[in-house]
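I opened the notebook to record what I looked up in this structure. The entries follow the order in which I went through it.

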Amino acid sequence: MTLVLILGLVMTAVTMVVAGQRVLFLVRLISSGQPAPDRIEGVTKRTGTAIKSQLVEVLGQKKLLTWSIPGLAHAFVMYAFLILGTVYLEAFAVLISRNPEWDWFVFGNWSVLGFLQDFIAVMCFLGILTFSIIRFKNSPMKLGRKSRFKGSHLSGAWITLFMIFNVLWTLFLFRAAVEARDMGTGHGYGKAAFVSYLLGKALPDSTTLIGIGLLLHIGVMLVFLVFVLHSKHLHIFIAPVNIMFGRRPVALGAVKPLMSGGKPVDLDDIEEMDETTLLGVGNIQDFSWKGLLDMASCTECGRCQSQCPAWNTEKPLSPKLLIMGLRDHAFAAAPYLLADSEEERTGLSADVLAEAQRPLVGTSEGEKWHPTGGAVIDDDVLWSCTSCGACVQQCPVDIEHVDHIIDMRRHQVLVESNFPAELNGLFKGLENKGNPWNMAPTARMEWAEGLDFEVKVVGEDVESLDEVDWLFWVGCAGAYEDRAKKTTRAVAELLNMAGVSFAVLGNGETCTGDPARRAGNEFVFQGLATQNAETFKEHKVKKVVSTCAHCFNTLKNEYSSFGVELEVVHHTQLLNRLVREKKLTPVASGQSGTRSITYHDPCYLGRHNQVYSPPRELLEIIPDATLVEMPRNSERSFCCGAGGARMWMEETIGERINVNRTKEAVATGADQIAVGCPFCRTMLDDGLTSEQSQGNAREEVEVLDVAQLLLASVKGEPASNRKAAAATSGSSGGTATAVATRPEAPAPTEAKAAPAEAKPAAPASGGGSLFDTPAPAVDKPAEAKPTGGSLFDTPAPEQAKAAEPEAPAEAQAEAPAEKPAAAPASEIGGGSLFDIATPEPAAKKAEPVPAEPEAREPAPAAEPEARTEAAAAAPAAEIGSGSLFDIAAPAAAAPKAEPPQADPPQAGAEGAAPEEVASDAADETTSEADDEAEDASSASDASADDAAAETAVEADDEAESAKQAEPASDSEVRSLKDIKADLTAKAAPAEEARADAAKPADPPAEPKKSIGEGSLFDL
């Protein structure tokens, strides 16, 4: 045994030196990251939470066990490492004492311990056998991208399984040799160690065999230790540490604050910033130590990859491969990062220097998901993320993929000015109009027109939210997007039926800033959030209900840092509560048969905030309906593709995410697809339209919000069937409302989601620096200016350009199926977020746009004068390059336009024939029950183009005033109750409809003062 002792000690000493050097390197590398004091405080100030995370996620294996079979296999392997550690203590005790009869001082030869050791070893063997089968079945050689192991280091995984197998058989060799010696003597664990005992009966009593088994068992463990420290299985040691310092919300929910030097950065810090200020993550040195710890913790299991909507639709983003790429880059550049001086760095190898100088984000070489050169992270990888949080939720070691992606986006937007061109329009709309579609702020209450009850507005009908139960947060989509307006109206009606008092902010509401923050424009988010927070404080807002999952998440999880504490609920939660309290009672519609409904979980409601049951409970209590689940539901629901500001970016790579999800919904055979978020409704409705156009989905299938389905049930009415109604009734008359949707394809030049000028698409963003001051440039109205401006650029003065007439209403009506055109660079230019706008002269006279006869529909004869007058005021004034915090300069008043005389209707492209007028009026009356009438009722401005060309350009609010003066169609102003009454009565003859249609409209309201070029935060 003396020789065994010497060999064992030598092996151990050498291994400890090698392992110690590796541990020191890892500690230095990880600690070289930026400070993260909030993570330290998360442990020291919330010790109980940190301990709970270790008990639940590490010892309890909570996340791993969500996948039953691999979860159980991993649990047995993990517990084998812990329990079999006692065997190594025994082995080293026998080695050092040179006494094969050594036993535990406290337990002696405790039979329970012997049983546990042998039992867990057997279960560990079954676990690694299970892993082997899983890897064979999910081999990338067979499944390609569908394998969650695609891109992982496969050889390392097989070596690990082989080393664990070696640990097990050497353990049984050592223990069986000991049992052979103790057989019949009363020493050892006896029959309790059932495997060792059975093997011991077959082995001779030999001290040499005990020594060989002892050295092999210890030697395998030492080799395995060195391998683990140099492989992905480093997580065995550091995963518990990473979990302890992680952020606790499931899927994160809120975005991590913008940090610089370990301190949060806000708008008050802008004046103190210089070129050395760190904003976001621009290179590997900018990651915090927690970020580097995340990279080192990755197990390459691919669970995140298997759930990622981008990867599952052939896009280059894989959360796993992104973290692996960052980890490999950090390790390769480590000598440069850890060098103490520039002289030491210059002496490094050429490979290390080249790796250290690689751009973190940009154009890569080779496969974008696994670059062989160029940037570490390709642009398409960075901007493919929908921030759905599936990767974070699935990760068993709590890696925060979304936080790292958002931080890299922040640097690209705030410092490099390098982002997708489509985001120009988003940022402009948020800065100048307070909504992502750049719609007029004064139009936020149009959704309430025609309701048969009063919607209280804060500041007009109530001064404080103490006077009502809830603040109803309508949101940008709920106020502007036609399909979302129906959800807003449905919720308002249900709250009114239930006797719940509520108020809205009306035109005082602005975007929560969610799309700006997740697109990386942190300062626009902070400006919007600060404004909303002040509004909440002024009006004493405490309880908020929201129909938008994104607004719900932002108000609930991110506004506390702006000094407001809110009770925020989703509308499905509040409606579920009202149904439980018997304030709302669904009843049968009386229709024969039943319909099936499938529910799509919004990521920001379900995954980020764990709200899964309330919407399902509402759907389950609807009579005459059955709920069918999609294969991917609840925690594993698939994203619609709109999050992470992807709503405003075109998908040009792989399959559309919304189409992928729609196919799954259609495959259930459901008649209706229920949603709980306006973003989800837009995406799935567009996906459904695409599938129906290809004959892959039934025409009667439709997408509806849970609130709409509940409202119909409470009223005892059958659920709407807009697809079938639209097919039978044809196009209905009426005035088109504003349409702002996420399209399936790029919009034509004349098709606009917002009432703005027709402009060219913006070019790709430039690469300006954070503190560039661009030189003055000569205006070129016909050309788009580059968008390479910095966050803090001071733009050169510009002369006002002539505003172009508004796009035809027919083009606006088609917007739901098309992509909003990207904002032109000529409007964004090099303008900074905080530019001070210069005075601009009055807008010039607009040039007429030639009509497109083939694109026009016969216009209804109803309200011709009002339509003509509205069209005359339609052209909106140029916004210019106003900043988020501009101090508005006085602008010259635009000349007041004289109301033009309407031309008589003409047949063909310019108007409708007399016979067509009468038939159109009758069709308009009979199609009022169509749930989508306002979505398809915009083909009415054709006869006003000539008059519009001869009128001076009015400001946005004048156009809105003229628009508000138009008599709204019945489909816009009537509730479901009114529509049903009309349909059942059937008393109005067609002659009355014609007479009503021929009545002249009221004159337009006096135009309000134009907003002009003012910013969202102008004084």
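**Entry 1: a buried phenylalanine and its partner**

I began with Phe-427, which has 5% relative accessibility and counts as buried. Buried means under 20% relative accessible area, exposed means over 50%, and partly exposed is in between, with a 1.4 Å probe and protein chains only. The model is predicted, so local features need pLDDT of at least 70 and side-chain atom pairs count only at pLDDT 80 or more, while totals for chains, interfaces and linings use all residues. Residues are numbered from 1 along each chain as its sequence is written, and side-chain values use heavy atoms, with hydrogens and water left out.

Next I looked up the ring of Phe-427. Phe-419 and Phe-427 form an edge-to-face aromatic pair, with 5.4 Å from centre to centre and 70° between the planes. Rings of Phe, Tyr and Trp (its six-membered ring) pair if their centres lie within 6.5 Å; planes under 30 degrees apart count as stacked, over 60 as edge-to-face and the rest as tilted. Phe-419 also counts as buried, at 11% relative accessibility.

**Entry 2: other rings**

I noted the total by this rule, which is 17 aromatic pairs. In the pair of Phe-125 and Phe-165 the ring centres are 6.2 Å apart and the planes are at 45°, so I wrote it down as tilted. Phe-125 is in helix 6 (residues 111-137) and Phe-165 is in helix 8, 40 residues apart, and the pair links distant parts of the chain. Helices (H or I, at least four residues) and strands (E, at least two) are DSSP runs, numbered from the N terminus. Phe-125 is partly exposed at 37% relative accessible area, and Phe-165 is partly exposed at 35%.

I also found a cluster in which ring pairs link Trp-473, Phe-525, Phe-536, Tyr-559 and Phe-562.

Then I checked for charges over rings. A charge sits over a ring if NZ of Lys or CZ of Arg is within 6 Å of the ring centre and within 35 degrees of the ring normal. Arg-145 lies over the face of Trp-311, 3.7 Å from the ring centre. Arg-632 has its charged end over the ring of Phe-638, 3.9 Å from the centre.

**Entry 3: Thr-160**

Is Thr-160 buried or exposed? Thr-160 has 3% relative accessibility and counts as buried. Its place is in helix 8 (residues 154-182). Leaving out residues up to four places away in sequence, Thr-160 touches Phe-224, Phe-227 and His-233; contact means heavy atoms within 4.5 Å. Thr-160 and Phe-227 are 67 residues apart in sequence, and their C-alpha atoms are 8.4 Å apart in space.

**Entry 4: the cores**

A nonpolar core is a set of buried Ala, Val, Leu, Ile, Met, Phe, Trp, Tyr and Cys residues joined through side-chain atoms within 4.5 Å. The largest one has 154 residues, and Met-408 and Phe-536 touch the most other members. Helix 25 (residues 522-538) gives the most to this core, with seven residues. I listed contacts of Phe-536 beyond four places in sequence, including Leu-471, Trp-473, Val-541 and Tyr-559. Another core lies apart from the largest one and has 22 residues, among them Ala-80, Val-87, Leu-161 and Val-228.

I looked up pairing first. Strands of a sheet pair through backbone hydrogen bonds, either parallel or antiparallel. Two strands pair if DSSP finds at least two bridges between them.

Five strands form an open sheet with parallel pairing, in the order 7-9-8-10-11. Strand 7 (456-457) and strand 11 (567-570) are the edge strands, and each pairs on one side only. Strand 8 (residues 470-473) and strand 10 (residues 543-546) run parallel and are joined by three bridges. Phe-472 has Val-545 as its bridge partner in strand 10, and Leu-471 has Val-544 there. On the other pairing I checked, strand 8 and strand 9 (residues 502-504) share two bridges in the parallel sense, and Trp-470 stands opposite Phe-502.

Which way do the residues of strand 8 point? Trp-470 and Phe-472 point one way, Leu-471 and Trp-473 point the other way, and all are buried.

Strand 12 (residues 595-599) and strand 14 (residues 672-675) pair over three bridges in the parallel sense. Gln-672 in strand 14 is the bridge partner of Ile-597.
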